Amino acid sequence: MKLQFSLDVAAALGAIVLLSPLLLVSASFAPHLTEIQQLDPIAKWNTPNDADHATLYAAHAPDYDDPIYVLNITSSDHRAAGYGYGYLLANQSIENFEALLNSLLPQKDLQVVLEAFCAWQFQYIQENLPRKFVDEIEGITQGTMVAGLPIAGKYIKLALAVASIAVGDLERDILYLLKSEIEKDQQLIDSINQLHDQGMSDEDIAHAISSSNVLNLGRTCSMFGVWGPRTYGGQLFSGRNLDWAADTGIARNKLITVYHIRNTIPYATVSFSGLIGALTGMSAAGVTVHEAGDDTRNVTLEGFAWPLRLRAVMETARSMSDVLEFWKATNNTMGINHGVGTAADPRFLAMETEAKYTAYFFDNDPRERDLVIDGVKYGFPLPHALWRTNHGYDPQFLKDVFSKKPSTDSFNRYMLLHDTFTWYEDASVEISDIHAVNLTAIVGDKGGSTRESFLSCKDASSGINILSTTFKPSAAGAGTMYVAYENGHADTHVPACCNNYIKFEMDQFFGV
């Protein structure tokens, strides 16, 4: 069943026309909610004593051509969790990695060079991972081998590298690989020679790969948290948008993974098959994790790869003090805006990160309020709400960014969230589930960068919002996720924020 949002949401956004004379719009926007129609178990794995087991479900929902896979894993340790993942998702992981490369970098010889570069970088990533995640990756390799698809183990490692190394001077790093004495296998040597024969220099090869969307994640995405007097019952709500390469084929294998690993807090990651980290997620302790791209010159691989770092936050933290303690004890890699929400002590934390530095922000921070560039004010913080798009506010962080001034696209989305929060406040609306989903969906990319383009799905087939998620966390484990993915192809493509948001009541998976 598809549910149109109530009229107060559409009215709220229509009222922005009157409330924001600097950024006029002529359309309102109202996303859709739906329920899971059917949840089918399609594959299982277990050890002889059943101490380690996993079930792969297919969740069917309206307006989705393919199901959303839900992998529910119970394991004695990370190695066993990895084995279950690799065994049950080997085929889907292969499909996704190959689809991504064939869509974004179709020339096969360039793919070979890219894979060699990612494998080289993965060595450094793995060296800086906690032992339990190294064990998990080894378990994945074993599971894919037993499934008869060992290439999946390789692709899962490369996918983690793609997500974790899109930083710094990639062209320089790829050129180093091509020109250095680093040992190269025969396939890589043959592909480099083929590219040379086609008239491409080493510099051309490095540029073609570094500028492709495989590695060029860009400054996209958005996140927010809202709580206290702004929400019904003071409940924390948070949201996250992933705006990246759309219509690549990876949406055929959408994935929510629920981890029950002994001596850790159960949690769910929202992602795609083949990426073992958390693009976003929520734990049974009510902790939510988020990311929005930014970029700085200060980067390193000598840190905790962020997709797995967000998983580690969820499996260990119960409160904001736990989150801060964990984050300060681990190391950043690159320029990213991260967000973490906690339901136990309702609030939201934004972190502007780069190598060896994190700026911590809570709501209504004066650093955000006081950002003025060339006489233009760019910060409008509020109490009991915090959000980020793709620019920063901390003075130290801004010293290392490529542009202190927010892009038009990033600032438009920032202000859309601000104006929607203030409209709800002025209208005495207590934000509940429906309003929180609206806040998430309104800033998902729909094919343009003007304010008006975010308020309509009329011409959204080119939108790059591939994942959009709203969380209503609970410290008692009975939280709710509203998850939307992109769907369709070419002219029929629908970005996630214009598709149905599927309601997942997580008590059935967290075991509460």
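Analyst: On a 1 Å grid over the protein atoms alone, a cavity is a set of points where a 1.4 Å probe fits but cannot get out. Grid points are joined across faces, edges and corners, and a volume is the space filled by probe spheres set on the points. By this rule there are three cavities of 30 Å³ or more. The model is predicted, so local features need pLDDT of at least 70 and side-chain atom pairs pLDDT 80 or more, while totals for chains, interfaces and linings use all residues. Residues are numbered from 1 along each chain as its sequence is written, and side-chain values use heavy atoms, with hydrogens and water left out.

User: What volume does the largest cavity have, and what makes a residue part of its lining?

Analyst: Its volume is about 40 Å³. A lining residue has an atom within 4 Å of a cavity point. F304, W306, R309, N331, N332, T333, M334, I336, H338 and T353 line the largest cavity. Helices (H or I, at least four residues) and strands (E, at least two) are DSSP runs, numbered from the N terminus.

User: How many of the lining residues are nonpolar, polar and charged?

Analyst: Four are nonpolar, five polar and one charged. Here Ala, Val, Leu, Ile, Met, Phe, Trp, Tyr, Cys and Pro count as nonpolar; Asp, Glu, Lys and Arg as charged; the others, Gly among them, as polar.

User: Why is β12 called largely enclosed?

Analyst: Buried means under 20% relative accessible area, exposed over 50%, and partly exposed in between (1.4 Å probe, protein chains only). Seven of the seven residues of β12 (residues 336-342) are buried, so the rest of the structure largely encloses this strand. I336, H338, V340 and T342 point one way, while N337, G339 and G341 point the other way.

User: What makes β11 and β12 a pair?

Analyst: Two strands pair if DSSP finds at least two bridges between them. Strand β11 (residues 287-293) and β12 have seven, in the antiparallel sense. G293 stands opposite I336. Strand β13 (residues 347-354) is also antiparallel to β12, again over seven bridges. There, H338 has M351 as its bridge partner. A hairpin of four residues joins β12 to β13.

User: Which strand does β13 form a hairpin with through two residues?

Analyst: That strand is β14. β13 and β14 are antiparallel, with five bridges. E352 is bridged to A359 of β14. In the turn, K356 has a positive phi of about 65°.

User: How do you know that the buried residues of α10 share one side?

Analyst: In helix α10 (residues 320-328), the buried residues are M320, V323, L324, F326 and W327. They cover an arc of only 165° around the axis, which puts them on the same side of α10. The arc is that of the directions from the helix axis to the C-beta atoms. On the other side, E325 and K328 are exposed. The buried residues of α10 pack against α9, β12, β13 and β14 (357-361).

User: What makes α14 mostly covered?

Analyst: Nine of the ten residues of helix α14 (residues 433-442) are buried. Among them are D433, H435 and A436.

User: Why is T257 called buried, and what does T257 touch?

Analyst: T257 has a relative accessible area of 2%. The limit is under 20%, so T257 counts as buried. T257 sits in strand β8 (residues 254-261). Contact means heavy atoms within 4.5 Å. Not counting residues up to four places away in sequence, T257 touches L71, I73, Y85, Y267, A268 and T269.

User: Is L215 buried or exposed, and why?

Analyst: L215 is at 1% relative accessibility, so L215 counts as buried. L215 lies in the loop between α8 (202-210) and β6 (222-226). L215 and L104 are 111 residues apart in sequence and 9.6 Å apart in space, C-alpha to C-alpha.

User: What marks out phi at D247 and A490?

Analyst: Most residues other than glycine have a negative phi. D247 is not a glycine, yet its phi is positive, about 55°. A490, also a residue other than glycine, has a positive phi near 55°.

User: Why is each called partly exposed?

Analyst: D247 has a relative accessible area of 23%, so D247 is partly exposed. A490 is at 41%, so A490 counts as partly exposed. D247 lies in the loop between β7 (237-243) and β8. A490 is in the loop between β19 (480-485) and β20 (500-505).

Methods: On a 1 Å grid over the protein atoms alone, a cavity is a set of points where a 1.4 Å probe fits but cannot get out, and a pocket is an open set with protein on both sides within 12 Å along at least five of seven lines; lining residues have an atom within 4 Å of a point.
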